[in-house]
Amino acid sequence: MTPQAVEKSRRPSLKAAAVAAVLLIGVGVGHRALMARMQFEMSQSLKLRAPLATIPTELGAWRGVEKELEDQILRKVGDDDRLSREYHRDADRRTVALYVGYIGRPRMWHGHRVDVCYPANGWKQENLEKTTVAAAGRTLPALVYEYRAPQLGGPRDLILVMYLINGEFVNDPERAKDYNLRSTGLIRQSEAYIARIQIVTRATGDRARDVAALTDFAALIVGPVIDLMPTFSSTSN
C-alpha cells in the first residue's frame, strides 16, 4: 500500500477520534453543568414570611409556654425553623405538646418525626388512622398515631400530625418521607418546602375526648401556620 493510500485510510479513524473527543468534552461539560445546577438547587431556601416563633402563645382557650428540645433531638432535627411549646387549657386541665417544623430546601430529611422518634425510644405503635381537621375554611387531612410506652402499664400518647407540602396538606406518610433529594428534581416538578404540625396529648382512656382535644387545638394552630408559609394552595381540600 502506498503512503498516500495509508494516509487516506487513516483519515476516517482520525475523524472518528476527533468526534469522540468532542463528545467526551461535551459530556464532561454537561456533567459539570448538572452538578452545578444540583448544588444551586440545594442551596436555595424558601423563606417563611415570619419566624415560627411569632405564632401566638394564646390560641382560643389555650395558653402556651416554650418547651426546649433535648440537645440530642436538636442535633437530628435538621429543620430550617421550628417551634416547640406546651399549651394548656384550664377548663379541662388538658395539655398538648406542639411541634412545628419547616424545611425550605431539598435535602435528605429525617427530622423530628413521630414514626422515627417514638420507636427509637422503645414506644410501640398501637394505631394509625386518617382523620380531618376543620380549619381555615377547609377540611384538611391529618393523621392520628397512638403509641404505648415500653414499660408494663406505661402511658400512651396520641399524636395528631399534619403535613403541608408546597402549599398542600397531605396525610400520606410515604409522601412526606419521600421529601428528600430523590424527590426534588432539577426541573422543580416536586415540592419546594415541607412543614409539619405535630400535636401530642397523653391518653386518658377516653379516646373520643382525647382526639377531640387534638383536633380542636389543630383547628386553632393551622391558620397561624398557613399565614407564615411562602405559598398556600387555595384549592387545598
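A195 lies in strand β9, which covers residues 194-202; helices (H or I, at least four residues) and strands (E, at least two) are DSSP runs, numbered from the N terminus. The model is a predicted one, in which local features need pLDDT of at least 70, side-chain atom pairs count only at pLDDT 80 or more, and totals for chains, interfaces and linings use all residues. Residues are numbered from 1 along each chain as its sequence is written, and side-chain values use heavy atoms, with hydrogens and water left out.

With a relative accessible area of 2%, A195 is buried. Here, buried means under 20% relative accessible area, exposed over 50%, and partly exposed in between (1.4 Å probe, protein chains only). Once neighbours within four places in sequence are set aside, A195 is in contact with G101, Y102, M162, Y163, L164 and M229, where contact means heavy atoms within 4.5 Å. A195 and V225 are 30 residues apart in sequence, and their C-alpha atoms are 8.7 Å apart in space.

A second residue to look up in the structure is E146, found in strand β6 (residues 138-148). E146 also counts as buried, at 13% relative accessibility. Its side chain is joined to that of R207 by a polar contact of 2.7 Å. A polar contact is a pair of N or O atoms within 3.5 Å; within protein, one must be able to donate a hydrogen and the other to accept it, and residues adjacent in sequence count only if both atoms are side-chain atoms. Beyond its neighbours within four places in sequence, E146 is in contact with K124, Q125, E126, N127, R156, D157, L158 and R207.

Now for the protein as a whole. Its secondary structure comes to five helices and nine strands, and from the N terminus on the elements run α-β-β-α-β-β-α-β-β-β-β-α-β-α. Of the 237 residues, 40% count as buried. Among contacts between residues at least 6 apart in sequence, 68% join residues at least 24 apart.

Finally, a word on confidence. The mean pLDDT (the predictor's confidence in each residue, from 0 to 100) is 80 for the protein, and 67% of its residues reach 70 or more. Over residues 33-40 the pLDDT is below 50, and this stretch has three contacts in the model beyond near neighbours in sequence. Residues 181-190 also have a pLDDT below 50, with 18 contacts in the model beyond near neighbours in sequence. Where pLDDT is low, the predicted coordinates should not be read in detail.
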